Amino acid sequence: MIRTAEDVAHELGNMKGAIMKAGQLIGFIAEGLPPEAQAALATLQADVPPMAPSLAEEVVRSELGDDPRRFFLDWNPIPVAAASVGQVHRAVLPDGREVAVKVQYPGIDRAIRSDLDNAEMLYGLFSSLALKGLDVKGLVDELRARMSDELDYRIEAANQAEFVRRYQGHPFVRIPAVVAELSTERVLTTEWADGWTWAEFEARADVPARQRAAEVLFRFAQGSVHRDGVFNGDPHPGNYRFHPDGTITFLDFGLVKRWSEGEWERLSPCLEAIMARDPAWTVEAMVSVGFLLPDHGLDPNLVFEYVSAPYVPYLVDEFTFTRQFTADALAKVANIEGPHSHVIRALNMPPSFVILDRVVWGVSALLGKLEATGPWRGILDEYRHKATPATELGRLEAQWSARRSSSSP
């Protein structure tokens, strides 16, 4: 039980905040890692002990200016879930609406920011990977910026409110509304979302429900990246609630990436070249955006074999994701002593690509858990090239999009 800020420092600060968050960034592909690595990541992702009710209420009083019962008709002092930097309480507003109130652990922002502010330490940590082509500073600075965002619930509230607007009336995506007047830097209040958790869905859903859910998850990610230019960078199983009608509620918008002007336009030729199965074009596009230096001296075919590993599902008309696919693809890209070692050592990861790469791997892992089969290439083309809908869900979304366009000023 966390009772004081000192307990927070002991339970979370000693984990080294930035390292804990970095571990969570790759935790979704744990099944593809050796047992020892899985065990280490499990400790980073394990739920921390809850705050004592008095401490959680103290945070609410500090942020909102009064006791929780002044703002909530009913306040459950026992948290219903733990987030990475806070915990979630269930409450009821005076107007009867059920809400989720996320309360940040006191002092955790300082614990993590102190690590993030130690840029030289982080640069050194990533430099120890000994990948000579890696732009360590750019990579670390992008991670620092996104992790810092997660510590300010006002940023998350604004992110979530934007997604609520973007997906208003959507046929299969739900986003809980934000209660802005009860949201601050360390308290975030949103509408409550019922529904099955990931574990409950896996245990109960039949094959058609799994296929539909997988497509909804995929469409939410790709639509956000390609259509909206703003996307959730945290495709984690804990961030979804599944409903009997086939819709999914999406939670947690602390880690959101927005394309700056021209940013996606610089990256997208790499995807186009991979989708075209063209090694020479792929290498040319990678050089232009900074993945490779002009004098890399690598065989384009070897480069293509390596960088296309996570994109195999989109190079064929239909593909079945499995846990084994994720594990094998990860093993291929992580094997610095294997046949692609020269490619790995020459590669840089432009900062623009850091969060997108997390989404690519994260969604693949989720679809692998669901053993989902689908025309993923065709679906992707809907968002890349406005292609004819490849599925019934695609047709529903196209109709929704057309209605929104016709009603926009």
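Is Lys386 buried or exposed? In this predicted model, Lys386 has a relative accessible area of 76% and is therefore exposed, since the cut-off for that class is over 50%. Lys386 lies in the loop that links helix H18 (376-385) to helix H19 (392-407). The backbone of Lys386 has a phi near 55 degrees, a positive value in a residue that is not glycine. Most residues other than glycine have a negative phi. Asp252 is placed in the loop between strand E9 (248-250) and strand E10 (256-258).

The protein chain as a whole contains 19 helices and 12 strands. Of its 409 residues, 53% are buried. The chain exposes about 18,200 Å², and 54% of this area is supplied by carbon and sulfur atoms. When contacts between residues at least 6 apart in sequence are considered, 67% of them join residues at least 24 apart.

Val173 illustrates the buried class. The relative accessible area of Val173 is 4%, and the residue is therefore buried, the limit being under 20%. Val173 belongs to strand E5 (residues 173-174). Leaving aside residues up to four places away in sequence, Val173 touches Tyr167, Val216, Phe220, Ile248 and Phe250. Ile248 and Phe250 fall within the range of strand E9 (248-250). Val173 and Thr247 are 74 residues apart along the chain, yet their C-alpha atoms are separated by 5.8 Å.

The packing of two helices was also examined. Helix H12 (residues 263-275) and helix H13 (residues 279-289) pack at an angle of about 165 degrees, and their axes are 8 Å apart. Angles over 145 degrees count as roughly antiparallel, and H12 and H13 are therefore roughly antiparallel to each other. The crossing of H12 past H13 is left-handed. On the H12 side, the contact is made by Arg266, Leu267, Pro269, Cys270, Glu272, Ala273 and Ile274. These meet Trp281, Thr282, Ala285, Met286 and Val289 of H13. By residue class, the contact of H12 with H13 comprises 9 nonpolar, 1 polar and 2 charged residues.

Notes: Residues are numbered from 1 along each chain as its sequence is written. This is a predicted model: local features need pLDDT of at least 70, side-chain atom pairs count only at pLDDT 80 or more; totals for chains, interfaces and linings use all residues. Side-chain values use heavy atoms; hydrogens and water are left out. Axes are lines fitted to C-alpha atoms, for helices over the stretch in contact, and angles run from 0 to 180 degrees between N-to-C directions. Helices (H or I, at least four residues) and strands (E, at least two) are DSSP runs, numbered from the N terminus. Angles under 35 degrees count as roughly parallel, over 145 as roughly antiparallel, 65 to 115 as roughly perpendicular and the rest as oblique. A crossing is left-handed if the near helix is turned anticlockwise from the far one by less than a right angle, and right-handed if clockwise. Contact means heavy atoms within 4.5 Å. Ala, Val, Leu, Ile, Met, Phe, Trp, Tyr, Cys and Pro count as nonpolar, Asp, Glu, Lys and Arg as charged, and the others, Gly among them, as polar. Buried means under 20% relative accessible area, exposed over 50%, partly exposed in between (1.4 Å probe, protein chains only). Accessible areas come from the Shrake-Rupley method with a 1.4 Å probe; for residues, only the protein chains shown count as cover.
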